[in-house]
Amino acid sequence: MSELLVRNAYVIDPLSGIKGDIMDIAIRDGKIVEEVGRNAEVIDADHCLTLPGGIDSHSHVCGTKVNFGRYMSPEDMRAGRTARKGVMHVTSGYSVPTTFGNSYRYSTMGYTTVLEGAMAPLEARHTHEEFTATPHQDMLANTLFDGNWSIMEAVRDRDVNRAAAVVAWTLSAVKGFAIKLTNPGGTEAWGFGEDVHSIRDQVPHFGVTPGEMIETMIRANEILNLPHSVHLHCNCLGVPGNYQTTLDTIDLVPDLNAKRQSLYLTHLQFHSYGGSTWRDISSKSEDIARAVNNKSQLAIDMGQIMFGRTTTMTADGPMEFKLYMLHHNKWSNHDVELETGSGIIPVYYSRKSLVNCVMWAIGLELALLVKDPWQCMLSTDNPNGAPFVKYPEIIALLMSRRFREREMALLDPRTGHYAPLPAIDRELDWYEIAVMTRAAQAKALGISGIGKGHLAPGAEADVAIYPLKPGLLDPSTDYQQVMAGFGKTRYTIKRGRVVARDGDIIVEGANSTIWTKANVPPEYNLSADPEFVKKFEQYYTVRMSNYPVQDLYLPRGVRITTEAAL
Amino acid sequence: MKIEDVVCPFCGCLCDDLVVEVEGTRVVSVENGCTLASEKFMGDHRLKSPIRRAGKRWEETSYNEAIRETAEILCDADRPLLYGWSGTHGEAQSIGIHLAELLGALVDNTSTVCHGPSIMAIQEVGHPGCTLGQVKNRADVIVYWGTNPIDAHPRHMSRYTTFADGFFLKEAFRDRKVIVVDVRKTESANIADEFVKIQPGGDYAVLSALRAIVMGKRGIIPLSVSGVSREQLFRVAALLLSAKFGAIFFGLGLTMSPGKYKNIRNAIELTEELNRHTKYTISPMRGHWNVYGSNEVFTWISGYPYAVDFARGIAFYNPGETTSVDVLRRKECDACLVVASDPGAHFPKACAEHLAQIPTIQIDPHTNATTHLSRIQIPVAVTGIDAEGTAYRMDGVPIRTRMLFKGNYPSDTEILERLYALVKEAKGL
Amino acid sequence: MRVILQTKPRKNPHIPIEAEAVIPQNFLRKNDIRVYEGNKERKLEEIFYITTEGPAVSPDQVEIVLAGETGTLKRVGEYMNAGRIVVEGDIGMHCGNFMSAGEIIIRGNADAWLGREMRGGMIRCEGNAGHYCAAGYRGEKRGMRGGTVEVMGNSGDFTAEYLCGGEVRIHGDCGDLTGVEMRGGTLIIGGNCHRPCGNMTGGTCMIFGNADAMLPTFRSNGIEEREYEGQRFQMMVFRGDVANRGKGTLLIRKK
C-alpha cells in the first residue's frame, strides 16, 4: 500500500464542482481516497494551483504517420535533443519528438492522458507499440473509418446496423477507442488522386456522400453506446470558404446523448475560413461560434496555430498534397488499403504571412466566442498548428487581452481587417482554463466514469500542481508567469506517483491504454459473416487472422465494454 | 501439426499466408511459400550452444558466461558498435537501442548496406507511398526500377502487382502495364510491357529527363540519354501518364549505383511531378523481412532510422560519418556486437578485417561468415519459427510473426534483456 | 593570444576526438575545456600539450594553432564567431560547422563536411577537401549561407550541396554531383567535375575545367566572358535544372 497526501492545494476540479478551494488530496494505491493514514508521504502544495492531470483530446504522437514525420526529418530531430539522464531516455525532436520526448514534455506540463487523433486500423499494432514507449500518459486511439469500404457499403445500403457492426468489429480488433472520420470520403477519393469538395459530393465508385457517412456514423456510434462521440475532421480542411462546409456539417447533427456531445469537431480553426482564395481569406469564427453556441450537442477543439516551424500530419492525404503544392517543401503520403490515407509536410507559420496571422486569430476567437468552455477544448492539433509545448503560451493569450494586443502588434497590420480578434475583450479565468484542458476532455471523451479528469474519491490519482498562486497573480498582466507556470509543474502525479518534479523526470513510468469493446449480438459478429470474410481475404494484403492486435500489445489495457442496442 | 497463416521471416514482402507443418521441433513442409521461404523454414544448421574463441579453436561456453563476457567487452569499449537488427523482432531491436544509449554506442541496422540511400533521399523530399494493398486494388501501371523481384522478392508480383487481381482490376495481368528499367535484361524484364535498358550509372540523367518531359519540356531532351532513345523516353512518359494509379518500385540497382541517394531523390521527385497529373506512389523493395521494422523502432526511440551515434549521450545521425561501414573502414570501433545479420558476408573486406581485429560478438542462430570474425557467438531462436515478435512489412504494415513450436533456444529478447541488465548494473543504474 | 595545441600520443589513434569546444571564444576563459574521445569525456590537456602565448581581451585576438595528429579532430571551429584557427596538418570532419566569422587555415587536407552550414567568415584549405565540402545537413533545405570556403586542391562528391549563399572556390577538381541542389551563392571550380548542378534552383556555378557527364536538363543560353585567376575565358552559359523549374546559372569554359 502506498499513500500520498497533497496538502494546502488550491484545487480547481470542475467535474466535482470545485472552483478554487484550499484543500488536501489523499491518494492511496493510485486512486483518490477520502483520507490516508499518518504515515502517508506528504507534499505541501503551498496554495499552488492544483488540477486533475491534463488531458489532450486530440494530438498526433504515436503511430505510422507520426513516426514517418520523425523518419523524414533529421533536421527536426536535431532541434530538440537531450541525453540519457537518470531514468530518462534520450529524446530527440522539436515538432515531432520521439515517444519518450513527447511523454516527458507532456508530463512536465502536467498532462497525464493523451488521445492519439488518428490510427489506421491496418497499422494499429504500430500505434500500440509506440503507446507502450510513451510511459507517462494513459493513451487512447481514435480509429479511422473515413475511407472504410465496409462502412461506405453499409451507408450506401442505408444499413446503420451494419455500420455499427463494422465499427464494433474493428474497434475490438485493433483496440481502438473511438470513431474518427478524417475528411470522410475524401481519403477514398484520394486513392485515385481526387478529393471531395462538400458534404454533398459523391465519393467516386461508392455512391455515398460525406454527409451520409457522417449522419450514419453518428447514429451507429449511439447504437453501440460508445463512451466518446464521433470525432470528425470535417471535409475541406484549410480551404478558403470552408466555413460553409463546416456549417453544413453542423446542421446534420442530432442531439442523441444526454451525457455528452453527439459530434466532436476537431481543430475547428482549420475549418472556419471565409473568402474564396488565399488572397481574401478571412475569419468566420463568429458564424462558427454562433452555430456551436446554439447546439449543445456539439463539442470542438481549437486547433490553434502558433508562429514558427512545425510539421503537419494528418490522415487527410489530399489536403497535404494541396499544401505541398503551395510550399514545395518535402511531402510524404501514405494511403492505407480499404481504410484511409495520410500525408505529412513541414511548414513554417510566419507573422509576415497574412494568411497565417488570420489563422492564428481564428483559433483564439473560437475559444473566446464559444460561451461554454465545456464545448471548446484547447488544442493545437499537435503538431499541425504547433507543437503541444506551446499550450502554456495559448493559455496566457486566452487569459490576457494585453498579451494578445502585444502579439497583434507584431503581426501583419491587415490582420484586424480580416479577423474580429481585436474587438474581443474576454479573458478566460483559471476555472475556464481548467475546464478547457482536462475536465471538458474527460466529459467529451466519456472517461470521467473511469476516473479521468477529476479528483473525487475513486478517481485515478492523476494530479498536476503548478507553481502558480491564483490569489497572488493577475493573469491579465502577469501573463509571462502564467506561461512559465503552465510550462513546468512543481509536481506531476500519475496514478499516485510523482513522475515529474520541477521539470525533472523521476520515474520511468508504465502507462495504460484505454480501448472500447462494444458487445454485439451474434448475428452482427462480422468474424462469422461470410460476405465480410470473403471481401477481407480478397482485397486486404494481410490475412484476417493476422489483423487483430493481440492483447500483449497492451500490457496495461483498460477495456471499456458497452452493450450495443442492436 | 499444420499451422495456417504463418508469417514468412525472409524478405520484406512478409507474406502471411503460409501453411507450415511442424513435427516436434522441426518444420517438415511449407505450402504457399517461395523457394527462399522453404529454405528458411526447413534449413537447420543451428549452433548448439554459445561458443568462444580459445586461441585458434572454439570452445563451448554457457549462456551466463557468454553474456557476462559480452557485457564486459561492451562496457570497456570507448567506441562500441551494435550492428544488425534487421533479422530479429521489434521488441529485441528496442532493447538494442536502449542498450546503445546506455553504453554511449553507435547503433546501426542493415539499411546501411541496402536502402540507407533511400532513407536519405526521403529525408530530403519525403515519400509518396502507400500500403501494398492499395497497389493491388488500384494500380494500372507498375514500374520496377533497378530491381528484379522474380529473384529477390519472388511473390511480390503475384501477391501485390502484376498477377494479383484487385478491386478495381479484375484481371490484373491484362489490365496492368508493367515497365522494367534496368542495366540488363532480367527475368522480370521478360514479362514487362516496356523494358528500358539504361547504361550503368545513367539512372539520374534518365530520371531528370523524364521529369522534364512530364513537365512538358520535351524540347530540351537530346536524342539519347544514357543509352535510352528520346523516342523511348517519350513513350515511357506517356505510359506513366496514362495511369489512373501508378506504382513505382525500386531496388538496390538504383540505391547503389553512382549518385546513390540522389537517384532515389530524383525518382521521388518524378513521382511527385506525376502526382500533379494523376496518382502515383513509390516504394523501396526492402530486403530483410524486418529491416523496415528496425527503421521504425530506431526512429521512435532515437529520432533517426539508422546510423545513430550515442557517444555524446544525445542521438547524432549523419550517414557517411555514423554508418557502420564508414566507421569500420576508419577503424574507429573498438568492440562490436552483431545481432541478427551477417556483416562478414555483406561488408567490404576492410570492414570485415577490422571486425576481426576487435572483440566482435555475434548473437545469431546460425554460423555464418561473421562467425569467423567473432570471438563469441550466442545462438538464439529464429523469429518466426521458434520465437515470435513484431515485424514491419516493406510498406510499414506491422504484422506479428508466429512461434511455430517451443524450442530450446532463448530468443534475442531474452539474451538482450539479460545483457541490458548486466550493463545497467555495471553503470551503477 | 596564441594557443598552441599539440596532440599527445593516444592508445587508439583511430577513435575520433569531438572538439567543438576548440574555438577562439572559449580560450578567453581558458579553464575546463572538454572534448570527447569516443564516448569518454576528456579534459583538453589529456589530449593536447597546451602552450599559451600572450594576452587577449576579445576572441578576435585569439589564434589557435593545432599541430600533430589532427586528422581525427572533428568539429573544430564549430560556431566560431571570431579569431583564427590554423591547422598545421590535416583536419577531421565538420571543421567550421555553422561558423559565422573569423578564419580557419588548414595547411593539409580537410575531411568531409568542411564548413557545413557556414554563415560567414573564411576557410582556406591548402590541401584537398573531402565529400560534402561547404554543404548542408541531412534533411535541411539550406546548406552554406554565407562566407567563403577556398580549397587549393581537390574536393570530393557533393561539393557545395544545397549552397544558398557565400562563395566556394575549388581550385582543383571536384567529384560527382558537384553543386547538386544549389539554390544560391557562387561555386567556382578551377578544374574538372562530374555531373554538375543536378536539380539546381538558383545560384551560379562556374567551371573552368571540364564538366563530365552533363545532365540532359540544362538549356543553353549563349556565351559570356568570365575571369579566373587573372585570365579571361569564354564561357558557355546554361540555365537549369529544367527538371526542377530551376533558375540557376551554370557556366562552363568553352573549349
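The questions below concern chains B and C of a predicted model.

Q: What share of chain B is called buried, and by what cut-off?
A: A residue counts as buried if 20 or more other C-beta atoms lie within 10 Å of its own C-beta. In chain B, 65% of the 429 residues are buried.

Q: What share of the contacts in chain B joins residues 24 or more positions apart?
A: A contact needs C-beta atoms within 7 Å. Among contacts in chain B with a separation of 6 or more, 67% are between residues 24 or more positions apart. The secondary structure of chain B comes to 18 helices and 22 strands.

Q: How do you know what confidence the predictor has in chain C?
A: The pLDDT scale runs from 0 to 100. Chain C averages 97, and 100% of its residues score at least 70. For the model, ipTM is 0.97 and pTM is 0.98.

Q: Which domains does the assignment give for chain C?
A: Domain 1 covers 1–108 and domain 2 covers 125–255. Their C-alpha centres lie 30 Å apart. Four residues from domain 1 of chain C and four residues from domain 2 of chain C make the contact. On the domain 1 side, these are two nonpolar, one polar and one charged.

How values were computed
Residues numbered from 1 in each chain as written. Chains lettered and ligands numbered in written order. Predicted model: local features only at pLDDT ≥ 70, side-chain atom pairs only at ≥ 80, totals over all residues. Helix = DSSP H or I, 4+ residues; strand = E, 2+ residues; numbered from the N terminus. Buried ≥ 20, exposed ≤ 12 C-beta atoms within 10 Å, placed from the backbone. Contact = placed C-beta atoms within 7 Å. Domains from an automatic or database assignment. Nonpolar A, V, L, I, M, F, W, Y, C, P; charged D, E, K, R; others polar.
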